Each structure stands twice: as C-alpha cells, then as structure tokens.
Amino acid sequence: MPSIVLSSFLGENRAAEAKLIPEGQGAVSLNQKPGRGDLRPWREPAQVFAAPAGTQTIYRMGRDAPSDERYWLAWPKLVHAAMGFDIEDVSERTVYSGDGYPKVTDNLALSAANPSVNPVAHRPLGVPAPARAPAVSVSEAEVDPDVGKYRVAYPEANVRASALGVRCVARVKGLPDQSFTIGTPGGPEMTPEAFAATFDALDGLRAYVAGSDDEQIPGGVWVIADAVGVPFNVAAVAGSKTDYDPGSTSLSDLLSAVGGAGGSDGGATLYSVNAVTASIYSLFVPEAALATLQAGDTLAGLVSGVQRWSVKLTGNSKSSIVAALMAAGVSASDQVYVPESYNPETSTSTGQASGVWMVMGATTTGQSIVIKRNPPRAAALVVGRDWLGTNAAPGDRWQVAVNAAAPVSITLTAGAGTYPPVVTAASLRSALAPVPGLKLTDEVDAGGAPQLRIETTEAGAGSAIAIKKIVPATAEVYHEALVATLYIGRKRVVEDYFYVYTYVNDWGWESAPSPVSAVVERTVKETVTLSDFAAPPTGGYGINRIRVYRTQAGSTGDADFFFLLEAAWPASTAMDANQDLGEVLPSKTWLTAPGVPRGGGDDHVEEPLRCLTPMWNGMLAGITGKSVRFCEAYTPYAWPIAYDAVPADATPVGLGVYGQNMLILTTGNPLLVTGSSPELLDQVPLEVPQGCIAPRSIVGMGAGVAWASNDGLCWFGAGGPRILTAGLLLREDWLKMRPHTLIGQMYEGLYFGSYEPEPGQPRKGFLIDPAGGAGIFFLEEGFDAAHFDKLQDQLYVLRGTRIMKWEGAQALMRATFRSKVFRVPRPVSFAAAEVVASTYPLTLTVWADGEQVFEDAVEGRDVFRLPADFLASDWQVQVSLEEGGVQRVVLATSTQEIAEL
C-alpha cells in the first residue's frame with residue numbers, strides 16, 4: 001500500500017510546480033534553521049545595543065575585546081569600513097568610505113558617555129602634499145684667500161735635492177731684487193720646512209709646506225706673493241755678463257733740443273705798407289692773408305722797425321683775431337666792405353674786400369708799416385754723416401725721450417751695404433721709426449751728403465727731444481727663472497641637485513612630495529638652505545613634521561629622491577650640509593584617498609571613494625567615479641593613480657573578494673582582478689552578463705562572490721558563474737522580492753539576504769547555500785544592516801534602532817515546513833500518521849486534493865489516526881514547531897503499515 005514519508009527538510013522551492021518539487025525540498029520553508037537536515041527553528045536575536053534612528057550601517061571595533069555592547073559605530077548612510085592592517089596598533093585604526101570623503105578613526109575616538117553617536121572623531125584618509133616647492137639657496141664654501149695671487153710650486157723631491165749654498169734672486173714686482181742663499185754649503189740636507197722659512201723671510205712673499213692631501217705637490221713647498229695680482233720669479237745665479245738692463249747701466253748725453261712758443265721778436269712779414277700821409281694810420285689786412293694764420297701764432301705790429309703791439313692768436317677767424325687785438329689795446333674791426341677811396345697800395349679802391357681793420361697810430365709820410373707772424377717752434381735736431389761716424393756705432397743702444405713721455409730704448413744697426421758697418425742716416429731713421437712723437441725728414445747737407453732732421457710732431461713750449469746712450473755694465477747671469485703663475489683657486493666642480501619635501505603626521509603617515517625645487521648647482525662642500533615651506537592644510541590631518549628629500553649629484557628632477565632630513569613643524573628653514581642620504585622617497589606617486597584633497601600644485605579633489613573593500617596582502621580597493629582604485633600595500637592612506645581599473649562600457653557598482661581574487665561588479669559584465677600586489681594586478685573581463693542591481697547585496701563568501709541581478713542571485717567563484725536561485729525561483733518570483741533592496745551577509749557558509757517586499761513594509765529574509773542541493777530558507781523578519789564579528793564568530797543585525805545578536809535570545813522562532821504535493825497512483829485514504837521529533841508538542845497540518853483535512857497538535861511519537869472517510873490522490877503535509885526538531889513525518893493507510901516502515 002502507498003505511504004508518504006517526509007524525512008528531509010531542505011528548504012523552499014518556488015520555481016517548480018508543487019508536484020514536481022525535488023525530493024527533500026518543499027513548498028514552504030519559514031524560519032527554518034538549515035544545517036542538520038531536520039526541521040528546527042532559529043533562536044530569536046537579542047538586542048545588545050541601541051543605534052540612532054535612521055542608521056543604515058553598523059560596525060564593531062574591539063578586535064581584541066570580545067563584547068556585545070561596546071565599540072559600536074553607526075552611520076545613517078551606506079558605509080564600508082575596514083580594519084587597519086597593523087596588528088600591533090592597539091588603537092585599532094579603522095578606515096571607512098561612504099560618509100562624505102573617506103575617513104579613518106580609532107577606538108580613542110569613541111564616546112563612552114554617548115556610545116550611540118560613535119565615531120565622534122575622525123581624520124581624512126590621507127595627507128595632502130605640500131602646495132609649493134621649497135625655496136633653495138647655496139651658501140658657498142669659504143673663499144680661498146690665495147685666489148688671485150701668483151705662486152711657485154717646489155715638489156718635495158726637488159726641495160730635498162737642492163744644492164746647498166746656491167745664491168738666488170727673487171724679483172717681486174714693485175720691490176727691489178732680493179738676493180738670498182739656499183742652505184749652507186756642507187750643511188744637512190734641505191728640508192721642506194727650512195726651504196719654506198728661507199722664502200718666508202723675503203719681502204712680498206710667504207711660503208708654507210703643502211699637506212699630504214695637496215693634489216699637486218704633497219709635502220712640497222708653495223711660495224706665494226703676499227698681495228693679489230703681484231707677479232714674481234725666482235732664479236739661481238749662474239755667472240755674470242754685459243747687460244744693457246737700464247736698472248744696472250748708466251746713461252751719457254748725446255743730443256737734445258727744445259721747441260718754443262711763438263714770440264714777439266722776429267718772425268715772418270705777414271703784411272706791409274708805406275704810409276702815404278702823416279696821420280693816424282689805419283691798416284687793412286685782407287682775408288687771404290689772415291687765412292695763413294693759426295692758433296698759437298704771435299702777431300706784431302711795427303712802424304719803421306719799432307714794435308707798437310704784440311698779440312697771441314687763439315684761431316684765424318676774423319672775430320677771434322679782432323678779439324685778440326682789442327684785448328691788446330689795438331683798435332680793430334671786422335670789415336666786409338672797403339670804401340672805394342681806399343687802396344692799401346694807392347689809397348684808391350674801386351671794389352669791395354673782406355678783412356680786419358687795425359689802427360697803427362700816428363705816422364709820417366713814407367714810414368714803413370709791417371705786420372709780422374711768429375708761429376710756435378718744434379724741437380728739432382739735424383744729424384749728419386760726420387756726427388754719426390763719431391758718436392754712433394752698430395749695436396749701440398740709445399734711450400730716446402720725446403716731450404714728457406717715458407724714454408724708449410732703441411738699438412742702432414748698420415746702414416745697408418756699408419763696410420765696415422757704420423750707422424747711416426737711413427738706418428738711424430729705421431731705428432727711430434718706432435719712437436712715438438717724432439717727425440723724421442731726410443735732407444742733404446751743403447756738400448750733398450744725406451742727413452736726418454729729427455723733430456717733435458708737436459710744436460711750442462714743452463716740446464723737447466733728449467737722446468742718451470746706454471752705457472753697458474757687468475750683470476749677474478741667472479739660470480732660467482721659475483716664473484710664478486696666477487692661482488685661480490680650485491675649480492668649483494658643481495653638480496645639479498633637486499629637492500622636495502613631504503608632510504608627516506603624528507601617526508607616521510606621509511604625503512606625496514611637494515613640487516620639485518629649482519635646480520641647485522653646488523659643490524659637495526657647499527651647504528644649501530631650504531625655506532619657504534608651505535604651511536600644512538587645516539582639516540585635522542595631524543601633521544607635525546616635514547621630511548626633506550634630495551636627488552643624488554648630477555641627477556635630473558625626474559630622478560629618485562633620497563631622504564635627507566626630518567624637521568618638526570613649524571620649520572622656517574632646513575639645511576643640507578651634505579649629510580648622508582637615506583632611503584628612497586616612498587611616496588613619490590602616492591595620492592590621498594579619492595575625495596580627500598590631494599594638495600600639491602593643483603589640490604585636485606576626486607569623486608569620493610565608496611565601497612571600500614579589504615583585499616589580500618595589505619591592499620584595499622574602492623570605487624571613485626567610473627573606476628576602481630587600489631591603495632599601496634599596507635598603506636591605507638596612499639592611493640596612486642596608476643593603481644586604477646576601469647571596466648569597459650560599464651559603471652562599477654560594488655566589489656566582492658574571495659581568496660586572492662576580487663570581482664568588480666558593474667552595470668554590465670563583471671571584471672576579475674587577481675595579483676599579489678597593487679602594481680601586479682591583472683584585470684580579466686568576464687563573459688557573465690549579469691549586472692549588479694544592489695550594491696549592498698554583494699557578499700564575498702570564501703569560495704566566490706554573490707550578488708543580485710535582475711535574473712536572480714548570481715555567483716562567481718569555484719565552479720565558475722551561475723545563478724544560485726535558478727531552479728528555486730523563477731525570474732518573476734525573484735523580481736517580486738524587489739532584489740534592488742537586497743542586503744547580503746554571509747553566515748555559516750550561507751548567503752543571508754534581507755529584502756523589502758513592498759515599499760515601507762518590514763523586511764524579510766532568506767538563506768541559500770551556494771553549494772546547492774537545497775532550497776531557500778525564508779525568514780519572517782529580515783534586517784536593515786548586518787555586521788559579522790570575526791573575533792567572536794558572531795553575526796549582528798540591525799532592526800530599526802536595535803542592534804541584535806543573531807540567535808542571542810533563549811526564545812525560538814516558529815519554524816514551518818510544507819512539503820511538496822505527493823501524488824499517489826490511485827486515490828487512497830491515509831488514516832494513520834506518525835511524527836518523529838525531539839520535542840513535542842508540534843502542529844501537523846494535512847491537505848488532501850487541495851483541501852485541509854487535518855490540523856492538530858502532536859503531543860508525542862505515538863501513531864495517531866487521521867480522518868479516513870474519503871479518498872484522495874494529492875497529499876501535502878506541513879509541520880510547525882517552536883522548539884526542538886522534526887526528523888520524520890509518515891502518512892499511511894493504517895497503523896500496521898506505519899509499524900512496518
């Protein structure tokens with residue numbers, strides 16, 4: 001005879017027709033706790049904390065302090081929080097996104113007086129970079145005092161090999177020659193110290209022994225002039241010779257001449273005439289005669305040989321001549337017209353003329369009237385063959401002085417073709433040619449012999465020529481002199497350096513670097529002063545110091561920067577004194593978390609980070625705009641722009657992690673990210689056309705990630721992609737649950753979801769096993785937020801303002817399981833029933849052909865009778881209980897049949 005045995009309670013299946021539901025699954029599963037295979041209820045959650053009204057996200061700190069009531073944080077927004085990676089951080093720094101810009105808080109920022117408002121304090125997630133480059137200036141090393149002085153180097157070997165008793169001479173410009181002796185004949189070997197002392201005793205010089213680190217003459221002797229720009233040389237005496245050195249010779253006079261200014265005596269007649277009457281005679285000098293005059297000339301007026309006046313001219317213009325005459329008391333005027341009655345020769349005139357009228361005074365008829373001109377004279381000498389033969393010889397040296405100029409030495413040579421060699425007028429002309437200020441004119445004497453006129457090119461008082469013969473003397477002969485060379489100092493070998501600085505806060509978080517400084521050219525011994533550091537921004541960043549970094553010598557501004565120094569803020573200046581460099585700047589590419597001002601030159605602010613998600617190996621990820629950003633490993637405040645993933649043709653919605661894989665859920669296909677570090681992450685687009693419609697539905701579940709799409713609850717992970725609700729819910733069933741409201745959490749390996757079936761209605765819940773094989777386990781009540789505490793392995797849910805510990809109460813929910821519809825081959829009447837349970841009472845309900853035929857409490861395991869006055873083909877049973885568990889339900893046609901099963 002047929003019977004119905006219900007021994008598996010594997011959740012609800014809404015997709016299949018009631019008669020076609022797979023074995024073990026049922027038509028209804030409500031408040032049933034899966035896990036043991038039987039039907040048993042969940043315990044009720046217990047309230048442990050009261051959150052503020054409107055809370056949407058809860059999170060508990062207390063990584064090392066198990067507690068249900070302490071360390072709760074609550075936000076009225078969708079917030080994603082993550083624990084810091086430093087296990088030694090007792091303050092339990094926690095980063096979170098979704099509450100404006102991304103932030104960080106710790107357990108020191110929790111309020112004990114009003115714990116429902118935690119966190120009460122926070123910081124931005126990151127440290128902005130300094131806004132401007134540091135100012136840099138070079139303080140040059142101490143100036144070498146010997147720069148610009150002349151010096152001579154004596155290597156140590158030369159010093160020690162010096163011949164003792166050698167006489168030397170030192171010639172210092174502006175000082176007399178100084179003779180001295182190196183050592184004493186037969187004395188001990190010369191030492192650098194004694195050698196230096198010998199020179200140090202001379203005027204105008206000093207000497208010192210070079211140190212062992214001297215690059216040119218280690219251990220040798222430097223001899224240096226006392227004064228800048230004074231040359232000198234040093235030579236050893238080798239013997240004597242005839243020398244024409246003016247400093248050691250005498251001079252003998254040969255020739256001299258002086259010029260003269262124009263005077264009143266003598267001179268050439270400029271103009272003359274005889275008086276024609278006995279009267280005051282007026283003389284007219286025409287312009288043609290005036291044109292022959294020049295400045296410096298002296299004019300004299302004579303009447304019958306008696307000088308009446310004398311004037312010196314400053315020029316030859318009529319006006320200047322008239323002025324000179326008038327100044328001398330001579331009545332004169334500038335005439336441009338001469339009466340016809342006047343002629344200088346005949347006292348008659350028929351035309352016009354131009355010249356100067358001058359009054360000569362009383363005369364008698366026939367007296368001569370003369371105007372004489374006396375010009376300045378140059379100094380002049382005439383040298384002929386006879387004189388040269390007596391006073392000059394080839395090889396003689398003369399000293400020629402012209403006017404007041406310094407004397408010039410010349411050497412005489414023999415005339416061309418003379419033998420024996422003699423000096424001629426022509427060869428003398430060649431020797432004198434280089435002497436400035438002379439005019440040389442070839443002439444012949446009365447006998448027709450060549451002679452040379454030697455004149456000054458300037459005439460007048462002060463012109464003079466003096467020729468002296470240089471008489472040779474015996475002089476000492478020296479070995480080749482050591483000539484001092486000008487010391488310009490060591491070459492200033494400079495390298496290019498660049499500087500940046502960063503901000504550091506009291507947690508040790510470091511910003512990106514400032515803009516790069518201007519290039520600094522300096523030597524290794526020079527110091528650099530850095531200043532004009534930008535003041536840290538306000539906003540609670542906790543900045544308390546700066547770090548300065550510098551490039552290696554000769555680098556460019558794109559090179560690596562190395563740690564130079566750290567200074568407490570405020571810092572007005574910092575000094576690079578060429579100290580050793582440290583580690584490479586770690587934060588060159590770091591940025592603040594998106595949403596926090598970057599600082600630096602532009603202080604750009606990106607769209608705030610959201611969906612902050614912990615990954616593996618110290619990494620965090622988050623969404624900003626249409627891209628996903630990753631932080632530097634174990635550095636949650638550093639988010640380089642290079643660590644970016646941008647899904648193609650879709651917008652990121654949320655992130656889920658399983659193992660060392662992260663799934664970027666988008667409005668289109670997901671993107672799989674794998675890799676051991678942020679710079680090595682690979683991005684693989686997945687051909688899974690299931691866009692995420694509920695960011696809060698995303699749950700990483702160890703072996704995969706689940707999320708809500710329009711087609712159902714999706715999964716990607718072990719076993720590839722699939723829809724977990726496929727075969728359990730039809731698409732329309734799923735959409736009736738309004739999956740865009742879904743909030744997910746993992747609990748005991750199951751997906752625990754909470755959804756809002758109608759706007760404003762209380763939430764309901766469900767659990768589903770990603771491994772499959774079971775149906776869905778629905779709950780009468782869902783939750784508004786959830787948090788899983790890994791320390792306590794405990795799930796907490798939020799219902800309204802109540803934070804509740806899942807299964808924390810003693811009271812139990814009422815669990816219900818309704819079986820599939822069992823169809824028997826032919827109509828029967830099931831007259832007996834048995835319920836095997838761990839606790840009684842419970843309620844059993846039976847339907848036959850769709851009609852309820854039994855519902856009553858079952859008090860124990862004893863077989864009991866069912867109504868048996870009808871036959872039916874379709875049978876369905878339901879069990880409800882509030883305690884214990886149901887392992888089996890049996891319907892049979894008789895009690896005997898049950899006993900046999």
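Let's start with what covers the buried residues of helix H6: the cover includes strand E25 (378-384), helix H5 (385-391), strand E26 (397-402), strand E27 (408-411), strand E28 (438-444) and strand E29 (450-459). The cover is worked out from contacts, meaning heavy atoms within 4.5 Å. Helices (H or I, at least four residues) and strands (E, at least two) are DSSP runs, numbered from the N terminus.

And which residues of H6 are buried? In H6, residues 425-432, they are Ala 425, Ser 427, Leu 428, Ala 431 and Leu 432. Looking down the axis of H6, these residues fall within an arc of 160 degrees, so they line one face of the helix. The arc is that of the directions from the helix axis to the C-beta atoms. Ala 426 and Ser 430 are exposed on the other side of H6. For the cut-offs, buried means under 20% relative accessible area, exposed over 50%, and partly exposed in between, with a 1.4 Å probe and protein chains only.

Before I go on, a word on where this comes from. This is a predicted model, so local features need pLDDT of at least 70 and side-chain atom pairs count only at pLDDT 80 or more, while totals for chains, interfaces and linings use all residues. Residues are numbered from 1 along each chain as its sequence is written, and side-chain values use heavy atoms, with hydrogens and water left out.

How confident is the predictor? pLDDT is its confidence in each residue, from 0 to 100. The protein chain has a mean pLDDT of 89, with 93% of its residues at 70 or more. Over residues 340-351, though, the pLDDT is below 50, and this stretch has 20 contacts in the model beyond near neighbours in sequence. Where pLDDT is low, the predicted coordinates should not be read in detail.

Back to H5 for a moment, because Trp 387 is found in that helix and counts as partly exposed, at a relative accessible area of 23%. Leaving out residues up to four places away in sequence, Trp 387 touches Leu 254, Leu 255, Ala 392 and Trp 398. Its C-alpha atom is separated by 9.8 Å from that of Gln 451, which is 64 residues apart from Trp 387 along the chain.

Two other helices, then. In H2, residues 192-200, the buried residues are Pro 192, Phe 195, Ala 196 and Phe 199. They cover an arc of only 95 degrees around the axis, which puts them on the same side of H2. In H4, residues 318-327, the buried ones are Lys 318, Ser 320, Ile 321, Val 322, Ala 324 and Leu 325. After H4 comes Gly 329, with a positive phi near 90 degrees.

On to backbone geometry. Most residues other than glycine have a negative phi, and most peptide bonds are trans. Here, Asp 532 has a positive phi near 60 degrees; this residue sits in the loop between strand E37 (527-531) and strand E38 (543-551), and is partly exposed at 42% relative accessibility. Asp 849 also has a positive phi, about 50 degrees. It lies in the loop between E63 and strand E64 (851-858), and is partly exposed at 41%.

Where are the cis peptide bonds I want to show you? One runs from Trp 569 to Pro 570, with omega near 5 degrees, and Pro 570 is in the loop between strand E39 (561-568) and strand E40 (573-576). Another runs from Tyr 840 to Pro 841, with omega near 0 degrees, and Pro 841 is in the loop between strand E62 (832-837) and strand E63 (842-848).

On a 1 Å grid over the protein atoms alone, a cavity is a set of points where a 1.4 Å probe fits but cannot get out; a pocket is an open set with protein on both sides within 12 Å along at least five of seven lines; and lining residues have an atom within 4 Å of a point. Grid points are joined across faces, edges and corners, and a volume is the space filled by probe spheres set on the points.

The largest pocket has a volume of about 1500 Å³. Of its 47 lining residues, Ala 81, Pro 614, Gln 745, Phe 788 and Lys 790 are the closest to its centre.

As for cavities, the search of the whole structure finds one of 30 Å³ or more. The largest cavity holds about 50 Å³ of space, and its lining includes Val 127, Glu 510, Trp 590, Arg 598 and Tyr 637.

Methods:
pLDDT is the predictor's confidence in each residue, from 0 to 100.
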